[in-house]
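Visitor: Hi, could we look at this one together? I'd like to ask a few quick things as we go.
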Amino acid sequence: MISKAQQILKKHYGYDNFRPHQAEIIEHVLDKKDALVLMPTGGGKSVCFQIPALLMDGTCIVISPLISLMKDQVDALKTNGIAAAFLNSTQNFSEQEEILEACNCNEIKLLYVSPEKLLTDLEVISRMAKPALFAIDEAHCISSWGHDFRPEYTKMGFLRDRFSAIPFIALTATADKVTRRDISKQLHLKDPKLFVSSFDRKNLSLDVRIGIKPKQKAEEIIDFVKERTNQSGIIYCLSRNKCEEVAEKLISAGINASYYHAGMNADDRAKTQEDFINDELQIVCATIAFGMGIDKSNVRWVIHFNMPKNMEGYYQEIGRAGRDGLPSETILYYSYADIILLNKFASEGGQAEINLEKLKRIQHYAEADSCRRKILLNYFSETLYENCGNCDVCKNPRKHFDGTTIVQKALSAIARMGEKEGAQMVIDVLRGSRRIEILEAGYEKLKTHGAGSDINSMDWQRYLMQMLNMGVLEIAYDENFVLKITPVGKDILFGKRNIELTILQAILPKEKATREKRIKTVVAPEEELFDVLRKVRRDFAMEENVPAYIIFSDATLQAMVMDKPKTAKDMLHVSGVGEHKFAKYGQTFLDAILDFLGESYLKKKKGDTYRETLLFYQEGLNPDEIAAERKISSQTVYSHLAYLYQRGNISNLDEFVSWPEVEEVKKAMSIVGKMVAMKPIFEYLNESIPYHKIRLAMAVIEKSASEKR
Ligand code: ADP
Ligand code: ZN
């Protein structure tokens, strides 16, 4: 069975090998057993249910909450030559009818439905589609402990009992231990096998910057972006206004940026997303709504302008960078103001207790002074034994000092103000400000007024944050966010114990350092070819009205750039080029590559094989003479001539191949297929036309076809 699965992987997806766990999961599902699959974004969850679907009788029902993505997912399957459809509330009755009818005729292998749709139309769907497998995508949505809870998911528990003989596979990219258990329980999974892939994305650097003022943040980001020409990036912001504001700042600095949030109309949103996917837009400032399921493999960096709500969200958002496995950067800006705001949201919304707890965990992550990746992976129940070397703490180990005096100053100020003030007031008093509120309250008369004027206000903020983190202080969220002293804090204040603080790191990145670290993804000529292929891809995407990645992913284009396939066979070896896509797009990409290679050869002055052939040809030598001069085979010379003709360096090939011969070849091509190599044509023509003429005829046919296009 597994060898069949492997064949499908090659045929439909164009991949030679399964990734870790994929084969096991497929086998398990084909054995009709339940599975819970945890894989990071971009890990390759889809094939885990798509391939079994192709090997089973009946239909795989895929339950997915993301209606907006269903069409793309189905389009992606179709371009791989897999029969798929979706059912949701955006379709009218007759469209739905038609799809169900197709299911009934066994014409659909995968049917995507929203949970609501499945539940309302369960009977008709199960009658028409004959479910063979249920796949529950984004399964964490079922858990109220999960970060993206959707009540309609919880109604699906009875499905498992209703279809007791059919395997269920639940998949998610984000699930801590509690959520995992919750998913199995709520879906009534039968003794599910748990498959957990590593969540470590080594190619992502992790960087947290604390206590930077908004204005300075924007300036830092502008510098950062200017150092990274043409690199795609996402900036996540907490509010719609912030998205627009940050985008405007970037735009006015001459940067190709825009914004994306739920307050925009659907068309504008779609346009932004499309432009981003197609690399026409370099940077998007977005709320978390952006990026769900986008398969853009070349996002080179993700910045959190504001603090995320929880670790799951953070992990998922940074996970949108570097899906192609190339080094990518992530930066999280963490400020006191964000915590206050997020605490407010969390305590006012539903599930307050859970959400506050989750917020605390990301706060600890951001404030940590040990390897961040260890903490991140630990959150997802994975242990990293060595420090990662690719986070800001590893790169810049923290040092500590005896901070007792500093802490005492702050605590004493807080105590003397009766634990009735928030952080900003505490800092201003420590710094000796005489602003009106301070005078009105009489705080300028306190002994601690001005006692901390040697420390600037940003550093004070960061020290206060450390104190909060160490449990010396707490924020009274229900009392207007004033600072309170904990029992531990009291011990320090009264000299009963000492405390260490972390030495503050310089916040501004050193110009030179960042320049050195700059990531070079591909060298210049490669980048040029990549651009050429991207344009070819864009033309197809526009023609078929699908996102560009559905034609070929960036990773596949990169693979073409690396492999430089020159024949159909080479092309079929490129990772991500399956048979179906090859038949549709292969030749056009191949032509573009050959064209590019030829052109870049011609650009070179010396040692250029095409150019040398051309020069001899222009001197009047015939192909055999050229071959002798150049010590290459005549066959090669003919292929050079074919190429030079296609490039327009030679005006015609009449002296080498006759018109009737071209017609013969054309006929043969229409029968044996345009994409194939020369051998089948040669054989089809009973070896009556020699190879070199076939090569030349193909050039003539190609050229006249491309001129007609
Ligand atoms: P997920 O749903 O886990 O986020 P996808 O299923 O969309 O991830 O897969 C992410 C990318 O990895 C896709 O472009 C997919 O084609 C590719 N992929 C999946 N399996 C393999 C494999 N075995 N080899 C190479 N690429 C793969
Ligand atoms: Zn580290």
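**Ligand and domains**

Guide: Happy to! Let's begin at the ligand: an N or O atom in the side chain of K45 sits 2.8 Å from an oxygen atom of ligand 1. Keep in mind that this is a predicted model.

Visitor: OK, and what about S46, how far is its polar side-chain atom from an oxygen atom of ligand 1?

Guide: That distance is 2.7 Å. N17 takes part through its backbone: a polar atom there is 2.8 Å from a nitrogen atom of ligand 1.

Visitor: How much of ligand 1 does the protein bury?

Guide: The protein buries 79% of the 570 Å² that ligand 1 exposes when taken alone.

Visitor: Which residues come nearest to ligand 1?

Guide: There are 13 residues around the ligand, and Y15, N17, G42, K45 and S46 come nearest. By type, the shell has 7 polar, 3 nonpolar and 3 charged residues.

Visitor: Switching topic: how is the protein divided into domains?

Guide: Domain 1 covers 2-196, domain 2 covers 204-395, domain 3 covers 400-502 and domain 4 covers 526-708.

Visitor: How many residues do domain 1 and domain 2 each bring to their contact?

Guide: Domain 1 gives 16 residues and domain 2 gives 14. Their C-alpha centres are 29 Å apart.

Visitor: And what area do domain 1 and domain 2 bury between them?

Guide: About 1,400 Å², with 59% of it on carbon and sulfur atoms. On the domain 1 side, 6 residues are nonpolar, 5 polar and 5 charged.

Visitor: How many salt bridges are there across that interface?

Guide: The rule finds 0 between domain 1 and domain 2.

Key. Residues numbered from 1 in each chain as written. Chains lettered and ligands numbered in written order. Predicted model: local features only at pLDDT ≥ 70, side-chain atom pairs only at ≥ 80, totals over all residues. Heavy atoms only, no water. Domains from an automatic or database assignment. Contact = heavy atoms within 4.5 Å. Buried area = accessible area lost by both parts, 1.4 Å probe. Salt bridge = Lys/Arg side-chain N within 4 Å of Asp/Glu carboxyl O. Nonpolar A, V, L, I, M, F, W, Y, C, P; charged D, E, K, R; others polar. Near = heavy atom within 4 Å. Polar contact = N/O pair within 3.5 Å; in protein donor to acceptor, adjacent residues only side chain to side chain. Areas by Shrake-Rupley, 256 points an atom, 1.4 Å probe, with all protein chains shown as cover.
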